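Q: Could you walk me through this one before I set anything up? I'd like to begin with the overall picture and then go down to single residues.

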Amino acid sequence: MMPASILDVIFSRRVSVRIYGLAAVALGLLGLVWGDFAAVWQPVPKDLPGRTALAYAVAVAFLAAGLAIQWRRSAGFGALTLTALYTLVVLLLHVPRIIAHPSVFVTWSGTAEQLALVAAGLVAYAYCAHLDAFRAERLLKIGRLIFGVCLIVFGLAHLIYLAPTAEFVPAWLPPGQIFWAYATAAGHFAAGIAILSGILARAAAMWLTAMFVVFGILVHAPTVFVDPHSHFNWAANAINFALIGSAWVIAAAMEPPNRSAP
């Protein structure tokens, strides 16, 4: 385990919001390169008029907001913009799918992935916008609660779709793919309960961030080497990067009280 002082720097608010913003930059670049939305994570109908132009516009918005959050003066605006963008994805694209197919759990888990990004955006905005203490703490609490619930949904998704989840695990990884499917489900449940209850919440969010990083290294990154021309593979990496940034932001929300916001 690294010394607490090193972890405090790594999981500081300033670092966390920059990682969160860089993930949005990745999504923006993805949209500009492909002229399309991030596959199933942004399920825009194929027959939507002006779809390609809209995809470019959204990509530019993500890119600009992700860059804005890198600088102190514009960080609040960048965080607010990203929160709004991710919220629009939830309301316009995912909620209608839930209404149309309420018994299909993947529609709920897909919505939870986007809501996790919204939750982190609220928390990042609370860091960066120089709000009064009451409003900032309220946003931090709302963001943590939403994120915690999303993690419970992620854990359920791993169990409900156990076989597909296991297929993502590298076959060479001992003691087996099913084991790690259960283990990652348990990890999501544990982190969600910890964040919702406030018990060991900071440690849980830090371990969750590490777990998402491992997902990126073992599961997602290799796919772009296998098929670098696949839009889906790059989108999966970008979304996982966004989840890493979101978990990072949530971990920083529970930083030691003697540390100051950026």
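A: A definition comes before the overall picture: the radius of gyration is taken over C-alpha atoms, and the globule rule is 2.2 Å times the number of residues to the power 0.38. With that in hand, and keeping in mind that this is a predicted model, the 262 residues of the protein chain would give a radius of gyration near 18 Å as a compact globule, and the chain has 18 Å, which agrees.

Q: What does the C-alpha trace span along its principal axes?
A: The C-alpha trace of the protein chain spans about 50 × 50 × 35 Å along those axes.

Q: And how confident is the predictor in the protein chain?
A: The mean pLDDT of the chain is 93, and 95% of its residues reach 70 or more. Among the elements, helix α1 (residues 4-10) has the lowest mean pLDDT, 83, while helix α8 (residues 177-197) has the highest, 97.

Q: What share of the residues is buried, and what share of the contacts is between residues 24 or more positions apart?
A: Of the 262 residues, 52% count as buried, and among contacts with a separation of 6 or more, residues 24 or more positions apart account for 72%. The accessible surface comes to about 12,800 Å², of which 73% belongs to carbon and sulfur atoms.

Q: How far do α3 and α2 reach, end to end?
A: Helix α3 (residues 51-68) has 18 residues and reaches 25 Å from its first C-alpha to its last, close to the 26 Å expected at 1.5 Å a residue. Helix α2 has 22 residues and reaches 32 Å, close to the 32 Å expected on that basis, and α2 is followed by Gly35, whose phi is positive, near 60°.

Q: Switching to Thr111, is it buried or exposed?
A: Thr111, whose place is in helix α5 (residues 105-128), counts as buried because its relative accessibility is 5%, and the cut-off for buried is under 20%. Leaving aside its neighbours within four places in sequence, Thr111 is in contact with Val90, His94 and Ile98.

Q: What about Ile98, which residues is it in contact with?
A: With neighbours within four places in sequence set aside, Ile98 is in contact with Thr107, Trp108 and Thr111. Ile98 is found in helix α4 and is buried, with a relative accessible area of 12%. Ile98 and Gly110 are 12 residues apart in sequence and 9.6 Å apart in space, C-alpha to C-alpha.

Q: Last topic: how many disulfides does a search of the whole structure find?
A: The search finds zero disulfides. As for individual cysteines, Cys128 counts as buried at 6% relative accessibility, and Cys150 is buried too, with a relative accessible area of 2%.

Terms used. Residues numbered from 1 in each chain as written. Predicted model: local features only at pLDDT ≥ 70, side-chain atom pairs only at ≥ 80, totals over all residues. Heavy atoms only, no water. pLDDT = per-residue confidence, 0-100. Helix = DSSP H or I, 4+ residues; strand = E, 2+ residues; numbered from the N terminus. Buried < 20%, exposed > 50% of the residue type's maximum accessible area, 1.4 Å probe, protein only. Contact = heavy atoms within 4.5 Å. Expected span 1.5 Å × (residues − 1). Areas by Shrake-Rupley, 256 points an atom, 1.4 Å probe, with all protein chains shown as cover. Disulfide = S-S within 2.5 Å.
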